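I opened a new notebook page for this structure. My plan was to go through it place by place and write down what I looked up.

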Amino acid sequence: MKIETLARKGILKITSYVPGKSIEEVQKEFGVKRWTKLASNENLLGPSPKAVHAIQKELSKIYLYPDGPCTILRKAIAERFAIPERMVIISNGADNLILMIANAFLNEGEEVLMADPTFSVYTNVTQIMGGKPIKVKLKEFTHDLESMLKKVNRKTKLVFICNPNNPTGTAVSLEAFNHFLSCLPKHLIVVLDEAYGEFAEGVFHPNGIDYIREREQVITLRTFSKVYGLAGLRIGYALGREDLVSCLYQVRDPFPVHRLAQVAAVGALNDEDHAIQSIQLVNEGKKYLYKELDRMGFFYVPSQANFIFVDFEIDSEEIFQALLREGIIVRPGRVWGYPTFARVTIGRMKDNRKFIKALKKIYGR
Ligand SMILES: Cc1ncc(COP(=O)(O)O)c(C=O)c1O
């Protein structure tokens, strides 16, 4: 029987997620080198030593199933934000929570509003559920909330606001976001994806935690992959009104987060110094990269995240290949409709210097 008949309606048309190239992939293609991966916005400071220690202690227990609801970690997160535990749900990465949100709330044919470009998983999960992605172009690299409002209708069910936005690194202003929320009808849910929230500077941007307390229709997403440096363990969480979160529990796998991830996340959450150091590293690297990019005359979007969206003035695939030859992996911008841009993760100073040295060599500037 043909696969078109076997597959669920629409499944074959889904645009699958294209991740940044992994070190293993480039090693296979280009041989063993000292690779510097600036393609996936990981924390190049590495994991918190407390997380590593917690994993070492837990290793011999991996024959036991993990604690399904992640009791200890959930309590720690709830205490951190001073909210009831029932407002917290943990799963194997914010990616998985995004799928769970679509699974729990999106009916076939309903619309999902998002920016263009933004984190592409929103489109994938919408298509998986038979929903319709409605994309609104960014304005000056930032969410155009006014134009997004105009696209809201009775079929709109979910609105994803990626704040700071991946790939541009911009954050919406507090004022614009509050106005946006106040104009929305009550039949839809706003998902505030704050995967990079810890890197956003100042009090001028919305903080999801303020909205789950006060407002009815906001779910906030956070991850241990970025500031906490645990991307390889796959663990993230969502916060929201109790009845919204209970819908997510309805579609949750029984044991989505393994034992090592749970204990490591508790360790990382209790290591405030490591989180602060990670943020400082990004801020210091950002300053250096801005200065060097300015000197070389490249346009970039000022970022509230741990990456910078840079215009390299030539096809992004060309700069991607040229940097690969220098042992550096970045994320080319063509997939986001910016063919001359690439997204570059801010690393340790030695990574940033290696990147700038490579640019000098490639461009002779
Ligand atoms: C905006 C955004 N949301 C969610 C995620 C997924 O995070 P996780 O690693 O927890 O699945 C990412 C990962 O890069 C991201 O950029």
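**Entry 1**

I started at V257, which sits in the loop between helix 10 and helix 11 (259-269). Helices here are DSSP runs of H or I with at least four residues, strands are runs of E with at least two, and both are numbered from the N terminus. The model is a predicted one, where local features need pLDDT of at least 70, side-chain atom pairs count only at pLDDT 80 or more, and totals for chains, interfaces and linings use all residues. Residues are numbered from 1 along each chain as its sequence is written.

Is V257 buried or exposed? V257 counts as buried because it has 27 C-beta neighbours inside 10 Å. The cut-offs are these: buried takes 20 or more other C-beta atoms within 10 Å of the residue's own, exposed takes 12 or fewer, and partly exposed lies in between, with C-beta atoms placed from the backbone.

Next I looked up what V257 touches. Leaving out residues up to four places away in sequence, I found P66, C70, I90, S91, N92, I235 and Q262. Contact requires C-beta atoms, placed from the backbone, to lie within 7 Å. I also checked R234: V257 and R234 are 23 residues apart in sequence, and their C-alpha atoms are 7.8 Å apart in space.

**Entry 2**

C70 came up as a contact of V257, and I looked at its backbone. C70 has a positive phi of about 60° and is not a glycine. C70 lies in the loop between helix 3 (49-58) and helix 4. C70 counts as buried, because 24 C-beta neighbours lie inside 10 Å.

E140 also has a positive phi, near 50°, without being glycine. I found E140 in the loop between strand 4 and helix 7 (145-150). E140 is exposed, because it has 8 other C-beta atoms within 10 Å.

Then I looked up cis peptide bonds. One joins D116 and P117, with omega about 0°. P117 lies in the loop between strand 3 (111-116) and helix 6 (121-128). Another joins N163 and P164, with omega about -5°. P164 belongs to the loop between strand 5 (156-162) and helix 8 (174-183).

In what order do the strands of the open sheet of seven run? I read 2-8-7-6-5-3-4, with mixed pairing. Strands pair if DSSP finds at least two bridges between them. Strand 2 (88-91) and strand 4 (132-137) are the edge strands, each pairing on one side only. On average, neighbouring strands of this sheet are turned by 20° against each other, direction ignored.

I followed strand 2 to strand 8 (residues 236-240): the two pair in the antiparallel sense over four bridges. I90 has Y237 in strand 8 as its bridge partner. I90 is also one of the residues that V257 touches.

Two helices lie across strands here. Helix 10 (residues 242-250) lies across strand 2, strand 6 (189-193), strand 7 (218-223) and strand 8, at about 140° to strand 8. Axes are lines fitted to C-alpha atoms, for helices over the stretch in contact, and angles run from 0 to 180 degrees between N-to-C directions.

**Entry 1: Around the ligand**

How many residues surround the ligand? I noted 13, the closest being G93, D95, T223, S225 and G236. The shell divides into five nonpolar, six polar and two charged residues.

**Entry 2: Strand 13**

I moved on to strand 13 (residues 341-345), where five of five residues are buried. F341, R343 and T345 point one way, and A342 and V344 point the other way.

Strand 10 (residues 307-311) runs antiparallel to strand 13, joined by five bridges. I308 is partnered with V344 there. Strand 12 (residues 331-332) pairs with strand 13 in the antiparallel sense over two bridges. P332 has A342 as its bridge partner.

How values were computed:
A residue is near a molecule or strand if its C-beta atom, placed from the backbone, lies within 6 Å of it. Ala, Val, Leu, Ile, Met, Phe, Trp, Tyr, Cys and Pro count as nonpolar, Asp, Glu, Lys and Arg as charged, and the others, Gly among them, as polar.
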